[in-house]
Amino acid sequence: MEEVVKKRPIISARERGPGPGRYALPPTVGYINHDFTKPSSPAYSFHSRMSSAMISVDSSPGPRYHIDAKVTRFGLMNTPSYTMLGRGRRPSDKGDPFQTPGPGAYSPEKAPPLNSHRRPPSYTISTRTRYRSVDAVPAPNSYNLPNVLGCQTPHKPSSASYSFSSRRKVGAPSEDLSKSPGPGKYNSTNPDIYRQRQPSFSMQSRTKRPNYSSVIPGPGAYSPEKFHVHLPKPPSFTLGVRHSEFVTPLVVDVID
């Protein structure tokens, strides 16, 4: 007979897991690999003792720099100074002194107009050009200028123009007035169109007298007691014929 193992609920205290030292958390001391979720204080380091031979090895000058009194933190503060030099030499091999041109050496009239100076027009006379027979130059009379009379020139101003037409037959002094239509030729407008219309009546022919020989139903021909559409009606039922569910239906036409 197999042994039945009874299942019990899992208790977390009985479960054995890794201890606190199993986890490698970042340190909170120092600044190397410091936990970034924790604030860190400033860190300082201690240097080793310096050698006593620093005085003989170090050759840097001490506080013996000379700073001019004119040099400030804004720059050099000094008044403008000038020097006297000798006359310059011409750039030649002889070494002659430089000769400055006088006022007569300049020709300002030959210079182009500058600074919007006004200048009169100048003309030149050239030699006669050589005539070439191959040049088909038109003569002055070969050009046709547009006519300036009338309103046919679009770029020229023109006065009012009038034209004369032929004699008209209608409305002319020679028109025969006897051929004009008379007053009866025109159709008058019905006053009912533009004024208030009055009531109108018409006369009809005599109507035919009724013939009493025709069959006319009397008061006894009607049955008002049978007319009950407008009255409330109780529910009504009908009894049909009982049919058996085993009766074979009648087949009249047989389709092959």
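Read along the sequence, this protein chain follows the pattern α-β-β-α. That makes two helices and two strands in total. Keep in mind as you look around that the model is predicted. Of the 256 residues in the chain, 2% count as buried.

**The chain as a whole**

- The accessible surface of the protein chain comes to about 29900 Å², and carbon and sulfur atoms make up 57% of that surface.
- Take the contacts in the protein chain with a separation of 6 or more: residues 24 or more positions apart account for 0% of them.

- The average pLDDT of the protein chain is 76, and 78% of the residues score at least 70.
- Where is confidence lowest, and where is it highest? It is lowest in α1, with a mean of 54, and highest in helix α2, residues 191-194, at 88.

- Is H34 buried or exposed? H34 is buried, because its relative accessible area is 17% and the cut-off for buried is under 20%.
- Leaving out residues up to four places away in sequence, H34 touches P27, T28, V29, P39 and S40.
- With T28 there is a further detail to look for: a polar atom of the H34 side chain lies 3.1 Å from the backbone oxygen of T28.
- N33 counts as exposed, because its relative accessible area is 62% and exposed means over 50%.
- The backbone of N33 is worth a look as well: its phi is positive, at about 55°, although N33 is not a glycine.
- For background, most residues other than glycine have a negative phi.

- Which residues make the nonpolar surface patch of about 490 Å²? They are Y65, I67, V71 and L76.
- To find Y65, go to the loop between α1 (54-57) and β1 (71-72).
- Y65 is exposed, because its relative accessible area is 63% and the cut-off for exposed is over 50%.

Definitions and conventions. Residues numbered from 1 in each chain as written. Predicted model: local features only at pLDDT ≥ 70, side-chain atom pairs only at ≥ 80, totals over all residues. Heavy atoms only, no water. Patch = residues over 30% accessible without salt bridge, like charges linked within 9 Å, V, L, I, M, F, W, Y side chains within 5 Å. Areas by Shrake-Rupley, 256 points an atom, 1.4 Å probe, with all protein chains shown as cover. Salt bridge = Lys/Arg side-chain N within 4 Å of Asp/Glu carboxyl O. Helix = DSSP H or I, 4+ residues; strand = E, 2+ residues; numbered from the N terminus. Buried < 20%, exposed > 50% of the residue type's maximum accessible area, 1.4 Å probe, protein only. Polar contact = N/O pair within 3.5 Å; in protein donor to acceptor, adjacent residues only side chain to side chain. Contact = heavy atoms within 4.5 Å. pLDDT = per-residue confidence, 0-100.
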